[in-house]
Amino acid sequence: MNAEHADTPATGRVVLLTTSHRVAPGVLSWPAWQALRSADRVLCPDDRHPQLPYLREAGVEVAVAAPTAQELVEACAGGRTVVVLAAGEGDRALTDGLARLAGSGRVAMPDLELLPGSYDLPGARLLDLVEVMDRIRRACPWSSRQTHRGLAKYAIEEAYELVEAIEDGDREELREELGDVLLQVVFHARIAEEDEDGPFSVDDVAGTLVEKLVHRHPHVFGDATADTPEEVKEHWLRTKAVEKQRTSVTDGVPLGQPGLALASKLAGRVRTAGLDVPTPTGPGIGYELLAMAVRAEAEGVDPEAALRAAARTYRDAIRAAEARPAG
């Protein structure tokens with residue numbers, strides 16, 4: 001080491017340790033534990049930080065303190081390492097202060113390191129949604145009084161708005177409408193927790209769905225094979241029939257859905273099952289629409305979507321007519 005470096009005081013190291021509240025407290029990365037155990041001081045500005053009990057149980061001494069940027073730099077003098085356990089919302093004042101000191105050029109700054117101690121997994125924000133929904137259910141005068149039956153109409157409305165966003169091709173609208181549909185699921189699941197006879201939670205809903213998806217995809221999770229979408233559909237229908245123990249291919253088809261969708265669904269069940277069932281005929285436009293819906297399904301066309309597309313064209317023509325000068 002040359003003389004110049006020998007005379008330079010060691011400036012130390014600051015480690016800003018971030019953690020996710022969506023990961024169980026105490027579950028930290030190995031580099032995080034190494035930093036915590038080797039640090040000269042570990043500071044935490046929040047005395048209610050969820051990690052504190054677990055760190056202390058592991059033998060890590062943590063001081064509850066909220067140092068300023070200058071105080072933190074001084075604490076690192078002599079080559080010491082200080083770990084700061086960041087609050088859940090971050091420590092903007094501290095990081096901004098460190099940035100100002102570094103930019104001033106007047107202070108010998110310690111090495112600064114941002115160390116993630118835990119990471120959010122895909123789907124982690126769903127935990128936030130569950131937490132927010134729980135609080136709304138308990139504290140909101142309107143939400144706390146809602147029932148499954150009272151919310152049913154909103155599920156239908158949100159589903160239609162989602163379909164419209166898909167057909168419009170608006171990505172921002174699609175993301176928002178998917179969120180609105182997801183809200184219906186989480187809201188109903190939260191209400192279901194309060195049922196005295198058969199309570200269940202959003203975890204039960206998700207667990208049931210996972211079991212269903214795994215069971216109905218033996219070509220993904222089992223030894224079965226499926227090389228085409230048609231074979232996948234056969235697996236799905238076969239396992240679904242065993243699960244539901246249905247006696248008719250029409251079992252499970254909701255009769256309350258829009259007429260064209262209902263006709264198409266029935267026609268699809270008939271075709272998949274290989275049944276020879278002639279389309280009934282009779283007087284009136286209803287039978288004509290039925291025949292058209294069956295034909296559309298056979299040709300791989302969604303009659304509801306096709307009619308909506310034609311209706312949109314009709315709407316545009318109406319608006320164009322309205323925009324023309326009178327006479």
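The chain has 14 helices and five strands, both read as DSSP runs numbered from the N terminus (helices: H or I, at least four residues; strands: E, at least two). Its radius of gyration, taken over C-alpha atoms, is 31 Å, well over the 20 Å that the globule rule gives for 327 residues, so the chain is more spread out than a compact globule. The globule rule is 2.2 Å times the number of residues to the power 0.38. This is a predicted model, in which local features need pLDDT of at least 70, side-chain atom pairs count only at pLDDT 80 or more, and totals for chains, interfaces and linings use all residues. Residues are numbered from 1 along each chain as its sequence is written, and side-chain values use heavy atoms, leaving out hydrogens and water.

**Whole chain**
- The C-alpha atoms fill a box of roughly 100 × 65 × 50 Å along the principal axes.
- Of the 327 residues, 27% count as buried (under 20% relative accessible area, 1.4 Å probe, protein chains only).
- Among contacts (heavy atoms within 4.5 Å) between residues at least 6 apart in sequence, 62% join residues at least 24 apart.

**Residue R269**
- R269 lies in helix α12, which covers residues 259-273.
- R269 is buried but has no salt bridge (a side-chain nitrogen of Lys or Arg within 4 Å of a carboxyl oxygen of Asp or Glu).
- The nearest side chain of opposite charge to R269 is D251, 7.3 Å away; Lys and Arg count as positive, Asp and Glu as negative, and His and the chain ends are not counted.
- Leaving aside residues up to four places away in sequence, R269 touches K240, R246, V249, T250, D251, G252 and V253.

Methods: Buried < 20%, exposed > 50% of the residue type's maximum accessible area, 1.4 Å probe, protein only.
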